[in-house]
Amino acid sequence: MPTDASLLTEMVYGLGSGALAAFFVALVLLCWTATGLWGLTQHYWVPRLRSSWPPTLFLLVHLIFGFALVVAAAGVFALLAQGLGDGSSVARLDEVFSGAIRQNTSRETLQAFALLTQFGDTATLLVLLLVVSVALALLNRQWLVLPWALALLGNWLLNATLKNFFARARPVHEHELVVTHGWSFPSGHASGAVVAYGMLAYLALRLLPAHWVRRAGLPLLLAAITIAFTTACSRVFLQVHYASDVIAGAASGLAWLLVCICSAELARHYHQTRRA
């Protein structure tokens with residue numbers, strides 16, 4: 001009779017064997033969940049707060065909610081970090097999942113993900129950093145340049161520090177479609193994509209007029225989620241990161257993103273108070 005560990009291993013191998021289908025299912029579920037939360041927030045939460053609460057209390061509630069999400073994301077990261085090490089259950093399942101993808105993913109699929117993974121490349125994010133910074137300055141939104149720059153540069157520094165601390169070797173990959181350097185845990189592409197495209201969505205929602213936010217807010221949010229999720233998953237398909245690397249990278253990126261958004265909102269509130 002198979003043990004719980006062997007059953008879990010078989011399940012992980014089966015998931016890796018059908019990883020491409022699982023990717024699309026997960027993306028649809030993620031976008032569907034985001035759509036539902038957006039609808040509930042716009043219909044119930046935002047109008048109620050704006051109509052009955054003073055601006056300071058409205059900001060405070062958002063900061064508390066953001067802090068709770070930061071703690072949750074940090075908890076996910078800590079849980080994965082504790083499971084690292086040779087012979088651990090996380091390491092064993094990572095190897096099984098990566099091996100299943102290596103055996104069951106076509107060359108054409110890998111080539112597609114090799115193109116998509118460039119959304120999280122350092123060069124791409126650096127160009128994005130410069131272009132958006134200049135655009136914000138030209139739009140006379142200089143108070144947003146610092147949060148935007150700190151979001152991307154701070155995440156790069158945080159990820160580099162975590163990589164050097166955990167010093168986890170990368171999985172085996174023989175396709176030579178991408179060039180990788182450095183340690184594996186956590187994924188810099190995953191955290192970078194979450195921070196960069198999450199901040200882009202925040203900036204768009206903050207700068208667009210209210211009537212445009214109601215029309216284009218959800219598509220912008222879904223676009224950011226799709227790019228970040230696809231970039232993160234591409235690292236697992238290309239076998240340059242383990243699944244736990246990517247989940248941890250997304251968790252650390254989400255935590256840092258929320259810190260940066262909360263900081264930007266505090267700066268905006270302070271700016272508006274001084275101007276008033």
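This is a predicted model: local features need pLDDT of at least 70, side-chain atom pairs count only at pLDDT 80 or more; totals for chains, interfaces and linings use all residues.
**Figure 1. The aromatic pair of Phe 23 and Phe 113.** The whole structure contains six aromatic pairs. In the pair shown here, the ring centres of Phe 23 and Phe 113 are 5.6 Å apart and the ring planes stand at 80°, so the pair is edge-to-face. Phe 23 belongs to helix α2 (residues 19–52) and Phe 113 to helix α5, so the pair ties together parts that are 90 residues apart in sequence. Phe 23 and Phe 113 are both buried.

**Figure 2. The aromatic pair of Phe 23 and Phe 237.** Phe 23 also forms an edge-to-face pair with Phe 237, with 6.2 Å from centre to centre and 85° between the planes. This pair links helix α2, which holds Phe 23, to helix α9 (residues 210–237), which holds Phe 237; the two residues are 214 residues apart. Phe 23 is buried at a relative accessible area of 7%, and Phe 237 is buried at 4%. Together with Phe 24, Phe 113 and Phe 229, these two residues form one aromatic cluster.

**Figure 3. The second largest pocket and its lining.** The space in this pocket amounts to about 560 Å³. The pocket is lined by 26 residues, of which Gly 120, Asp 121, Thr 122, Trp 156 and Gly 188 are the closest to its centre. Helices α6 (122–138), α7 (142–166) and α8 (188–207) are the elements that each give two or more residues to the lining. The largest share, eight residues, comes from α7. By class, the lining comprises eleven nonpolar, eleven polar and four charged residues.

**Figure 4. Leu 153 in helix α7.** Leu 153 is partly exposed, with a relative accessibility of 47%. The C-alpha atom of Leu 153 is separated by 9.7 Å from that of Leu 125, although the two residues are 28 residues apart along the chain.

Figure 5. Cys 260 is buried, at 6% relative accessibility. The count of disulfides is zero.

Methods. Residues are numbered from 1 along each chain as its sequence is written. Side-chain values use heavy atoms; hydrogens and water are left out. A disulfide is a pair of cysteine sulfur atoms within 2.5 Å. Buried means under 20% relative accessible area, exposed over 50%, partly exposed in between (1.4 Å probe, protein chains only). On a 1 Å grid over the protein atoms alone, a cavity is a set of points where a 1.4 Å probe fits but cannot get out, and a pocket is an open set with protein on both sides within 12 Å along at least five of seven lines; lining residues have an atom within 4 Å of a point. Grid points are joined across faces, edges and corners, and a volume is the space filled by probe spheres set on the points. Helices (H or I, at least four residues) and strands (E, at least two) are DSSP runs, numbered from the N terminus. Ala, Val, Leu, Ile, Met, Phe, Trp, Tyr, Cys and Pro count as nonpolar, Asp, Glu, Lys and Arg as charged, and the others, Gly among them, as polar. Rings of Phe, Tyr and Trp (its six-membered ring) pair if their centres lie within 6.5 Å; planes under 30 degrees apart count as stacked, over 60 as edge-to-face and the rest as tilted.
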